[in-house]
Amino acid sequence: MKTFTIYLFRHGLTKGNVNAQYIGHTDLPLTTDSVSALRHIKATEHYPSVEAVFSSPLKRCKDSAKIMFPDNNIITIDDFIEYNFGEFEGLTADELKDNKDFEAWLRGDINARAPFGESNAEFVQRICSAFEKVVNGCIKAGTQTIAIVGHAGVLMTILSCYGLPEAPMAHWQMDAGYGFRLRVTPSLWMQANKIEVVDTSPTSLNNA
């Protein structure tokens, strides 16, 4: 049976990542060091050849995708944008430690939200709807290999909702520039909305 391959890659680091800030919709660029790191991964570990590349609309993802896949046109998906952190945007966990809204949000309640941001439920619904459209579109078009370059929270949500083996979000953490290779079997996808996680990518990543 014909199968499809999806690669999920986390974007390179921004200054906000380095400073451990909550950075959602703020459109920060990659750091100079991160650009060099991505180029080094490409030169030494090699990103796969794919037919289509999808990205968040934010430049940290688009610019990472251009480094990883210079021969592909980058297709931006607005709903793959990072979480809307509202009033938490730009702050660190230490700065928010006495904030009651932050405490409730951090517990992971599906209906919790950052003030003036989106709830966990809204975030998951947005990401899942966009991802399902991409998968169904690729199956319909017969596009067998694609890559999604995205934010850690977005990619971990996809993996926790659809990945086999089933595992919570924390299990799917990934370093900048790295990610996972997934196999889509149309019958499994249509019956159970599940995708097999078959390897890390690039495969030299030590995911222990």
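Which residues of helix H3 (residues 59-68) are buried? Hi everyone, let's start there. This is a predicted model, so please keep that in mind throughout.

The buried residues of H3 are Arg-60, Cys-61, Ser-64, Ala-65, Ile-67 and Met-68. They sit on the same side of H3, because the arc they cover around the axis is only 160°.

Cys-61 is buried, and its relative accessible area is 0%. As for disulfides, the structure holds 0 of them. Cys-61 is in none, and the nearest cysteine sulfur, that of Cys-128, lies 17 Å away.

Now over to strand S2 (residues 52-55), where we find Ser-55. Is Ser-55 buried or exposed? Ser-55 is buried, at a relative accessible area of 0%. Which residues does Ser-55 touch, once those up to four places away in sequence are set aside? The list is Cys-61, Lys-62, Ile-74, Ile-75, Thr-76, Ile-77 and Val-149.

Next, strand S4. Of the 6 residues of S4, 5 are buried, so S4 is largely enclosed by the rest of the structure. How do S1 and S4 run, parallel or antiparallel? They run parallel, joined by 6 bridges. Within S4, Ile-146 has Ile-6 standing opposite. S2 pairs with S4 as well, again in the parallel sense, over 4 bridges. On that side, Val-53 stands opposite Ala-147 in S4.

How many cavities of 30 Å³ or more does the structure hold? The count is 1. The largest cavity has a volume of about 40 Å³. Its lining is made up of Phe-4, Thr-5, Ile-6, Val-135, Cys-138, Ile-139, Thr-143, Ile-146 and Val-184. The elements giving two or more residues to that lining are S1 and helix H5 (120-141). And here is Cys-138 again, one of the lining residues. You'll also spot Ile-6 and Ile-146 in the lining, the two residues that stand opposite each other across the strand pairing.

One last stop: Pro-186, in helix H7 (residues 186-192). Pro-186 counts as buried, with 17% relative accessibility. Which residues is Pro-186 in contact with, leaving aside its neighbours within four places in sequence? The answer is Met-1, Lys-2, Thr-3 and Phe-4. Phe-4 is also one of the residues lining the largest cavity. How does Pro-186 relate to Ala-65, and what separates their C-alpha atoms? The two are 121 residues apart along the chain, and their C-alpha atoms are separated by 26 Å. Ala-65, you'll remember, is one of the buried residues of H3, and that brings us back to the helix in my opening question. Thanks, everyone!

Key
Residues numbered from 1 in each chain as written. Predicted model: local features only at pLDDT ≥ 70, side-chain atom pairs only at ≥ 80, totals over all residues. Heavy atoms only, no water. Buried < 20%, exposed > 50% of the residue type's maximum accessible area, 1.4 Å probe, protein only. Contact = heavy atoms within 4.5 Å. Arc of directions from axis to C-beta. Pairing = 2+ DSSP bridges. Disulfide = S-S within 2.5 Å. 1 Å grid on protein atoms, 1.4 Å probe; cavity = no way out; pocket = protein on both sides within 12 Å on 5 of 7 lines; lining within 4 Å. Points joined across faces, edges and corners; volume = space filled by probe spheres on them.
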